[in-house]
Amino acid sequence: MLAWRVHENGEPRDVMRLEEVAEPAPGAGELLLGVRAANVNFPDALLCRGQYQVRPPLPFTPGVELCAEILALGDGAEGEIGARVLAQPALPAGAFAERAVVGAHTVLPAPEALDDAEAAALHIGYQTGWFGLHRRARLAAGETLLVHAAAGGVGSAAVQLGKAAGATVIGVVGGPRKAAAARELGCDLVVDRRVEDVVTVVKEATGGRGADVVYDPVGGDAFTQSTKCVAFEGRILVVGFASGTIPKAALNHALIKNYSIVGLHWGLYNAKDPDAVRACHDELTKLAADGKVKPLIGDRVPLAGAADAVQRVADGTTTGRVVVEPGAPEERR
Ligand SMILES: NC(=O)c1ccc[n+]([C@@H]2O[C@H](COP(=O)([O-])OP(=O)(O)OC[C@H]3O[C@@H](n4cnc5c(N)ncnc54)[C@H](OP(=O)(O)O)[C@@H]3O)[C@@H](O)[C@H]2O)c1
C-alpha cells in the first residue's frame with residue numbers, strides 16, 4: 001500500500017515521502033481500516049519538524065485522525081465489515097496512508113449526517129472545543145467568547161460550538177479570506193488581526209467589559225491581547241501555540257483583574273475519562289444531525305497532496321480543515 005513516511009525531521013514538504021510499504025495486518029483485538037479521509041492537524045507539522053510533545057521513531061507516517069471503513073477484524077475484535085468509523089491511529093503508523101490498524105475498542109461510529117471528510121474533522125477539533133468551552137471554561141449562554149485563529153481547524157470548531165451554546169462569538173483572523181470564512185461560520189463579529197487592534201475592537205464590542213471566555217490556539221501576541229480584553233472573572237483557555245511562541249503569564253495581572261488561565265490537553269481525557277469522550281462524541285453527533293455544527297472543509301486533496309497540505313497548515317495559510325482523501329475518485333488523484 002501507499003503511505004507517507006518521514007525519515008528525518010524538517011519542513012513537511014521536504015521530509016514527507018510517499019512510499020510503497022507492506023500492508024499492515026490486524027493483530028488480536030485490532031481492526032484493519034481502509035482510510036477514506038484523514039484531515040491535517042497542526043501537530044502533523046510539528047511531528048515532521050520533531051517539535052511535538054511526542055517524538056515517534058523514524059521513519060513514521062504522520063496523520064492523527066481519520067474516517068475509514070472496516071476492512072478486516074483481528075482475532076477477538078468486534079466490528080462490522082464495511083462500517084464507517086472514526087479513529088486515531090497510533091504513531092508511528094499514522095493516517096496518511098491507504099490503510100491503518102487500530103484497536104477495535106478505540107473506534108467511534110462516523111456521524112451519518114457528515115461526509116467522510118467532515119466526519120474525520122469532527123473529532124479532535126470539536127472534542128477539544130467541547131471540553132475546553134464546557135468542561136474547562138464553563139461557557140454560559142449569553143456570555144461573550146473570543147476565538148483566536150477563528151477560521152482555523154480548532155478555532156472554526158470553537159466558533160460553531162460557542163454559537164450552539166448561546167454565546168456571542170468574536171473571531172480573530174489573519175486576512176480577508178479568513179475573515180469571510182469566520183463570518184460564514186457564524187461569528188457575530190470578526191477582527192482581522194493584520195489591520196485592526198484586537199483589544200480595542202473587543203472592548204468596544206463588549207461595552208468595555210471584555211470577553212468572558214477566550215479560546216487561544218495561537219499563543220504569543222494573541223495571549224497578551226487576551227489578557228488585556230478578558231472580562232472580570234473571565235477564563236483564558238490555553239489551547240495551543242501555533243504562533244511558535246509560548247507566552248509567559250504575569251500572575252500579578254491575573255490577580256488584579258480576577259481572570260483565570262485554564263490549560264487544556266484534550267488527549268488526556270482519552271486516558272483519564274474515556275466515558276466523557278464517548279459522551280462528547282454522542283453530543284457532537286447529535287449537534288451535527290441537527291445542523292448545529294458542520295466542519296468547515298477548506299480543501300480536499302488526494303493522497304499525493306498530503307505533504308503540500310501539511311506544509312500549508314504549518315504556514316498558517318489554510319481555512320478550516322484540509323483533508324487528505326486516499327480513496328478519492330480516479331479523476332481527482
Ligand atoms: N490543547 C489541545 O488539546 C489541542 C488539541 C488540538 C489542537 N491543539 C493545538 O491547536 C493549535 C491549532 O491547531 P489547528 O490544527 O487547528 O491549526 P489551525 O488553527 O488550522 O492553524 C493555525 C492557525 O494559527 C494562526 N497563526 C497565527 N500565527 C501563526 C504562525 N506564526 N504560524 C502558523 N499559524 C499561525 C493562523 O490563523 P490566523 O492567520 O487566522 O491567525 C493559522 O491558520 C495547534 O497549536 C495545535 O497543537 C491543541
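The following exercises, with worked solutions, concern a predicted model of a protein chain.

**Exercise 1.** Determine how many helices and strands the chain has, and how its radius of gyration relates to the globule rule.

*Solution.* Begin with the secondary structure: the chain has 12 helices and 15 strands. Next, take the radius of gyration, which is 20 Å. The globule rule for 333 residues gives 20 Å, and the two values are close, so the chain is as compact as a globular protein of that length. Along the principal axes, the C-alpha atoms fill a box of roughly 60 × 40 × 40 Å.

**Exercise 2.** State what percentage of the residues is buried, and what percentage of the accessible surface belongs to carbon and sulfur atoms.

*Solution.* Of the 333 residues, 53% are buried. The accessible surface amounts to about 14300 Å², and carbon and sulfur atoms account for 50% of it.

**Exercise 3.** Find the mean positions of the positive and negative charges and state how far apart they are.

*Solution.* The chain carries 33 positive and 40 negative charges. Their mean positions are separated by 6 Å.

**Exercise 4.** Locate V293, decide whether it is buried or exposed, and list its contacts beyond four places in sequence.

*Solution.* First, the position: V293 belongs to the loop that runs between α11 (274-289) and β14 (297-302). Finally, for V293 and L237, the separation is 56 residues in sequence and 21 Å in space, C-alpha to C-alpha.

Note on methods. Residues are numbered from 1 along each chain as its sequence is written. This is a predicted model: local features need pLDDT of at least 70, side-chain atom pairs count only at pLDDT 80 or more; totals for chains, interfaces and linings use all residues. Side-chain values use heavy atoms; hydrogens and water are left out. Helices (H or I, at least four residues) and strands (E, at least two) are DSSP runs, numbered from the N terminus. The radius of gyration is taken over C-alpha atoms; the globule rule is 2.2 Å times the number of residues to the power 0.38. Buried means under 20% relative accessible area, exposed over 50%, partly exposed in between (1.4 Å probe, protein chains only). Accessible areas come from the Shrake-Rupley method with a 1.4 Å probe; for residues, only the protein chains shown count as cover. Lys and Arg count as positive and Asp and Glu as negative; His and the chain ends are not counted. The place of a charge is taken as NZ of Lys, CZ of Arg, CG of Asp or CD of Glu.
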